[in-house]
Amino acid sequence: MIFRIDRRTGTAVYVQLVQQVRQAVRTGRLAPGDRLPTAREVAEHTGINPNTVFRAYRELETAGLVEPRQGSGTFVRERLPPVADVADLRRELSAWVDRALAAGLDAGDLQAFLAEEVRHRVG
Amino acid sequence: MSDDVPRPAVLTHSFSVERHGRRVLHDVSFALPFGAVTALLGRNGAGKTTLLRAMAGLLPHRGTLEILGRPSGDEVRPRVGYVGQHAPLYRTLSVAETLRAGARLNPRWSAAHAKRLVDAAGLRRSARVGRLAPGQRMRLAVIMALAKRPDVLLLDEPFAPLDPVARTELAGTLMAEVAAEGTTVLLATHVVAEVDGMCDHVVLLGGGRVLLAGGIDEAVDGHRLAVGDDTDRAALAGADVVEVRPGSGGFTALVRTGPPPPAALTWQRPSLEELVLAYLREDSA
């Protein structure tokens, strides 16, 4: 697994790492039992602080997605927690985007709205 | 200090430096935790280079400087790596001769580590140091410091002479070192974006004094930014304001959180760059 860090988005680096592992697990690119790269490998490849990688891995561990194994690394868990059903949310979002576009908003407006709503809730 | 508070790797207290009868650093106090990567930021002339040189033992200072829990001096000096702005190396030596000299002069030298880093950087051993491009010379100087296996690494503008590819390679080398060895790094720069994602702590200097020092997350969480119209200006009364910057018919304000920020304005979390710029502008105003 190779991480891609985008420094221009306002998204914190550790959040980007968490999102990319979640995405890889969801799409099957990471399978149960797979080992995540070590903090050193990620640090060397991306030039980000290894403490940021530890922080992301801790958060993934708390979420039940990965588990550390003494001395051998961090692995995707054999039994993954059930994922929330996002199909309904996606349908609602899709309908909202259709309405917004029909009302004359452009892609930039939509992204600004979404970013603002998210920022108000999660800082 | 109680037992459960870990001692910092580097501690300065009331640290002052005079040069040519003029005080360049005034009562500088900060602590760097073990394994922290700290950005030393400030405008030109703020005292960054003087601070690093004094910490490396190259300039006399007054006040406290503790490294690895001991007063700075000959005992801890071999555990501190320092790379100055102009990558000080002997220009007439070859890369191989430079490495051999490093091995002779440093008791903690790791030839295997030096070899690995030189190979990764693609430096030719037979090349004369004086003929290397400035970026390559800086990489060799950093390699010389890393091969000493320092516990504390002081770097003065290490990225300035590097091209974009070499810059990401050096960042990777440094961060791998932090991951593997827990090296404590203090790195001077004036490009905030350069250290984003790399540094977890910041020391901000202005006019030889510390304007801000601590963890970057805590520093950012401790501030809020708002944009308002001139009519909202009164809403700032009572807030702990760092900077109010007027614009066309309005203003941008950075405040310290503490008392709840005025409700009339919409407050947002600043970026590190916004935070640093507000402090530096206010300091120069």
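Colleague: Where is the place of Thr50(B)?

Modeller: Thr50(B) sits in helix 1 of chain B, residues 48–55. Helices here are DSSP runs of H or I with at least four residues, strands are E runs of at least two, and both are numbered from the N terminus. Keep in mind that this is a predicted model, where local features need pLDDT of at least 70, side-chain atom pairs count only at pLDDT 80 or more, and totals for chains, interfaces and linings use all residues. Residues are numbered from 1 along each chain as its sequence is written, chains are lettered from A in the order in which they are written, and side-chain values use heavy atoms, with hydrogens and water left out.

Colleague: Why does Thr50(B) count as buried?

Modeller: Buried means under 20% relative accessible area, exposed over 50%, partly exposed in between (1.4 Å probe, protein chains only). Thr50(B) comes in at 11%, so it counts as buried.

Colleague: And which residues is Thr50(B) in contact with, leaving aside neighbours within four places in sequence?

Modeller: Val17(B), Arg19(B), Val24(B), Leu25(B) and Leu59(B). Contact means heavy atoms within 4.5 Å.

Colleague: What makes strand 9 and strand 10 of chain B a pair?

Modeller: Pairing takes at least two DSSP bridges between the strands. Strand 9 (residues 201–206) and strand 10 (residues 209–215) of chain B have six and run antiparallel, so they pair. Val203(B), for one, is bridged to Ala213(B). The two strands form a hairpin with two residues between them, and Gly207(B) in the turn has a positive phi of about 55°.
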